[in-house]
Amino acid sequence: MAAKKRYRKFSEKGRCRFCRSGDLIVDYKDVATLQKLCTTQGKLFSRKRSGNCAKHQRKVKLAIKRARFIGLMPFVG
Amino acid sequence: MKYGSTVLKTYEGMFLIDSKEAKKGSEVVEGVINGLIEKCKGQVVRFEKWDERRLAYEVDGVINGTYYLYYFTGEADTISTLNREIQLSSNVLRALFLRIKEVPEVVVRKPEDESEEKEGEGSGEKTEGEASSTADAADAGDTPVGDTPAGDAPAATEEPAAEAAAAPVEETAAAEAPAEAPPTEENVDSDKPEV
């Protein structure tokens, strides 16, 4: 008898933080959330490190650039 | 919205003003920004003083800035005209305009609210990356959020009094320490013969 195939369960933990919660929106004004996705030097974490999906990683990238321009976040830490 | 041949679009504008000028009078600053927008054929829907904080970097020699958030409607050439006007004006340091679909009812939370939420949240479920990154963010985020120039001034005046109060305590503690030390040694010595 052939062994049953084990399907990997889809876990909430593995999903992107913005996909996971409907309330959290990527916005340049939300500095606290953006800082969680940056190093202390102000550089953006990789997708592997932050766990973001490609779509939200692009949005975060843009939001950080806007926040830097307006003086909410540093260009160089 | 379509009125005749012109199409009005909704925009969000964030204006950065020097805090020193903003302290002179918010009505003056708001009047200047309102005037700029109306000059460029824009109509202000809603505006508010978003935040006053220490800037992440120095902008034109200014360290502390005040942010004003505006929602307005305008024509296609409103933003390009506004950008030109802002470059000429000395009051507005920086401005950022975004096209939005509609004016939001609730503005994105301010730093004060975030700090309160952080205190209330405690330790929830976090991934390894989040746990380390939140620690980093807390370290980095403390300075801009907690920094208020008005709050620093009284603290500086209170420092000498606090030091003066603290100093005698240290002296008395130091004076008592030698007095207390010998008994302990005696106790140790006295313990030895007993054993």
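The structure is a predicted model, in which local features need pLDDT of at least 70, side-chain atom pairs count only at pLDDT 80 or more, and totals for chains, interfaces and linings use all residues. Residues are numbered from 1 along each chain as its sequence is written, chains are lettered from A in the order in which they are written, and side-chain values use heavy atoms, with hydrogens and water left out.

**Chain A**
- Chain A has four helices and zero strands, where helices (H or I, at least four residues) and strands (E, at least two) are DSSP runs numbered from the N terminus.
- Of its 77 residues, 40% are buried, meaning under 20% relative accessible area, while exposed means over 50% and partly exposed lies in between (1.4 Å probe, protein chains only).

**Positive patch**
- R47(A), K55(A), R58(A), K59(A), K61(A), K65(A) and K101(B) form a patch of positive charge on the surface.
- Helix α4 of chain A (residues 54-70) gives the most to the positive patch, with five residues.

- R58(A) is found in helix α4 of chain A and counts as exposed because its relative accessibility is 52%.
- H56(A) also lies in helix α4 of chain A, but counts as buried because its relative accessibility is 12%.
- Leaving aside residues up to four places away in sequence, H56(A) touches C16(A), F18(A), C19(A) and V26(A), contact meaning heavy atoms within 4.5 Å.
- The C-alpha atoms of H56(A) and C19(A) are separated by 8.2 Å, and the two residues are 37 residues apart along the chain.

Terms used
Patches are made of residues with over 30% relative accessible area and no salt bridge: like charges are joined within 9 Å, nonpolar side chains (Val, Leu, Ile, Met, Phe, Trp, Tyr) within 5 Å. Accessible areas come from the Shrake-Rupley method with a 1.4 Å probe; for residues, only the protein chains shown count as cover. A salt bridge is a side-chain nitrogen of Lys or Arg within 4 Å of a carboxyl oxygen of Asp or Glu. Lys and Arg count as positive and Asp and Glu as negative; His and the chain ends are not counted. The place of a charge is taken as NZ of Lys, CZ of Arg, CG of Asp or CD of Glu.
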